[in-house]
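Notebook open, structure on screen. I go through it place by place and write down what I find.

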Amino acid sequence: MGLRDSLAACTGFSNKRPFDPEHDLPDLSGKVAVVTGGNTGLGEQTALNLHSKNAKVYIACRSEERALEAIKRINSRSKGKEDSLIYLPFDLTDLKAIKTAAETIKGKEERLDIVVCNAGVMAWPYKLINGVEVQLWNHLGHFAFIHYLEPLLLKTARSNPPSTSVRVVNLSSLGHKMMNKPDFSSMDAANQTYGSTWKRYGQAKLACILDAVERQERWKGENIAVNSAHPGVINTELARGPAASYGAIAKWAFKIQGKFLMTIPEGAKTSTYLAASREVDEHNYRGKYFTPIATETSPSKAARDPELAKQLWKISEEFLAKNDPKL
């Protein structure tokens, strides 16, 4: 990769690496996937990419109406497999809903091959929801979801041929670099305002990278690949957060900026690559961070700190143990 492509990957825009999900992914018949936030934007496109290659895909989100609309759109482009696209009720900020979603999957499926942790918010005004800063749920909600799904993921990994790994993909962001000194000494510390919605967003997206690193370490020896991805600088519904924080000016700015950003199909390529490409196993990508398109990239110093990853894991585990809903 040349200097121009390296800079493009680091700054968040596409380096135009050739990757076409339609032609470059293997057939996914028999595989089961879950895409959180699969009702719109990058999540919907990722679900389409996987479904088009014959995977059974669960669309996990809060709104059944919006999920069914997305399912209709996907089925119009990926025809003949209507029964393999399913709505899964899921709320990233509600542990009971998260656990129920995981139990639903475990009750219906004998295997789970792919989980794309895509749902989240960006730059929202400071707010605690169920004891956690709203943006930190980008990490904690998926931490809980994977925790509850772990038995099925391990079962699948141990039954797969060695050439096929189970995949977990954490959607992060270049924005993780906005937070250089997070405080993961306690959940109260992680819940602080930091004086900036963007620093809180950076903390949440940093947490998504650290989670992938630590989870991969804990699953060492298992046939599971856990990686994180910055999808690119894209105009999606995430812009609702800055609009809520900064008002009409931010909304107008994102509308103008959107004309120059990456498209959603381009933005979904990197997460799709990590979810299903043969190259992930061929190159043994484990606990890595990727930028568009499908390019391994070094994240910030904080994102490479194993002690910070362990601190985050500890407070996440403690929060879940303390607040685990009994169904």
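I started at K16, which sits in the loop between α1 (3-11) and α2 (21-24). The model is predicted, so I kept that in mind for every entry from here on. Is K16 buried or exposed? I read a relative accessibility of 59%, and K16 therefore counts as exposed, the cut-off being over 50%. The phi of K16 is near 65°, a positive value in a residue other than glycine. I noted it because most residues other than glycine have a negative phi.

I then looked at Y194. This residue lies in the loop between α7 (187-190) and α8 (197-218). Phi of Y194 is near 60°, again positive in a residue that is not glycine. Which side of the 20% cut-off does Y194 fall on? Y194 has 19% relative accessibility, so it counts as buried, since buried means under 20%.

**Confidence**

I checked the pLDDT next. The chain averages 90, and 89% of the residues score at least 70. Over residues 4-8 the pLDDT is below 50, and I found five contacts for this stretch beyond near neighbours in sequence. Residues 238-247 also have a pLDDT below 50; that stretch has 26 contacts in the model beyond its near neighbours in sequence.

**The sheet**

What is the strand order of the open sheet? I traced eight strands as β3-β2-β1-β4-β7-β8-β9-β10, with mixed pairing. β3 and β10 (295-296) stand at the edges. Each has a single partner strand, so one side of each is left without a neighbour in the sheet.

I looked at two of the pairings. Strand β2 (residues 56-61) and strand β3 (residues 85-89) run parallel and are joined by five bridges. In this pair, C61 stands opposite P89 in β3. β2, helix α4 (residues 64-77) and β3 together make a right-handed β-α-β unit. Strand β1 (residues 32-36) and strand β4 (residues 114-117) also run parallel, with three bridges between them. Here A33 stands opposite I114 in β4.

P292 and I293 are joined by a cis bond, with omega about -5°. I293 belongs to the loop between β9 (289-291) and β10. I flagged the bond because most peptide bonds are trans.

**N227 in strand β8**

N227 is in strand β8 (residues 224-229). How accessible is N227? The relative accessibility is 0%, so N227 counts as buried. I followed its side chain to two backbone nitrogens. One belongs to G287, reached at 3.2 Å. The other belongs to K288, reached at 2.8 Å. I also listed what N227 touches, leaving out residues up to four places away in sequence. The list includes V168, V169 and N170, then A212, L274 and V280. Y285, R286 and F290 are on it too, along with G287 and K288.

**Nonpolar cores**

Which residues touch the most other members of the largest nonpolar core? They are L112, F145 and L153, in a core of 55 residues. Helix α6 (residues 137-159) supplies the largest share of this core, twelve residues. I took L153 as my example. Leaving aside neighbours within four places in sequence, L153 is in contact with L112, V115, I146, V166, V168, W219 and I224. Another core lies apart from this one; it has 36 residues, among them L28, V57, C61 and L85. C61 is the residue I had already noted opposite P89.

**Two pairs across the sequence**

P161 is in the loop between α6 and β7 (166-171). Its relative accessible area is 46%, so P161 is partly exposed. How far is P161 from N223? They are 62 residues apart in sequence, but 9.1 Å apart in space, C-alpha to C-alpha.

I264 is found in helix α11 (residues 264-276). At a relative accessible area of 25%, I264 is partly exposed.

Definitions and conventions:
Residues are numbered from 1 along each chain as its sequence is written. This is a predicted model: local features need pLDDT of at least 70, side-chain atom pairs count only at pLDDT 80 or more; totals for chains, interfaces and linings use all residues. Side-chain values use heavy atoms; hydrogens and water are left out. pLDDT is the predictor's confidence in each residue, from 0 to 100. Contact means heavy atoms within 4.5 Å. Helices (H or I, at least four residues) and strands (E, at least two) are DSSP runs, numbered from the N terminus. Buried means under 20% relative accessible area, exposed over 50%, partly exposed in between (1.4 Å probe, protein chains only). A polar contact is a pair of N or O atoms within 3.5 Å; within protein, one must be able to donate a hydrogen and the other to accept it, and residues adjacent in sequence count only if both atoms are side-chain atoms. A nonpolar core is a set of buried Ala, Val, Leu, Ile, Met, Phe, Trp, Tyr and Cys residues joined through side-chain atoms within 4.5 Å. Two strands pair if DSSP finds at least two bridges between them. A crossover is right-handed if, with the strands pointing away from the viewer, the path from the first strand over the helix to the second runs clockwise.
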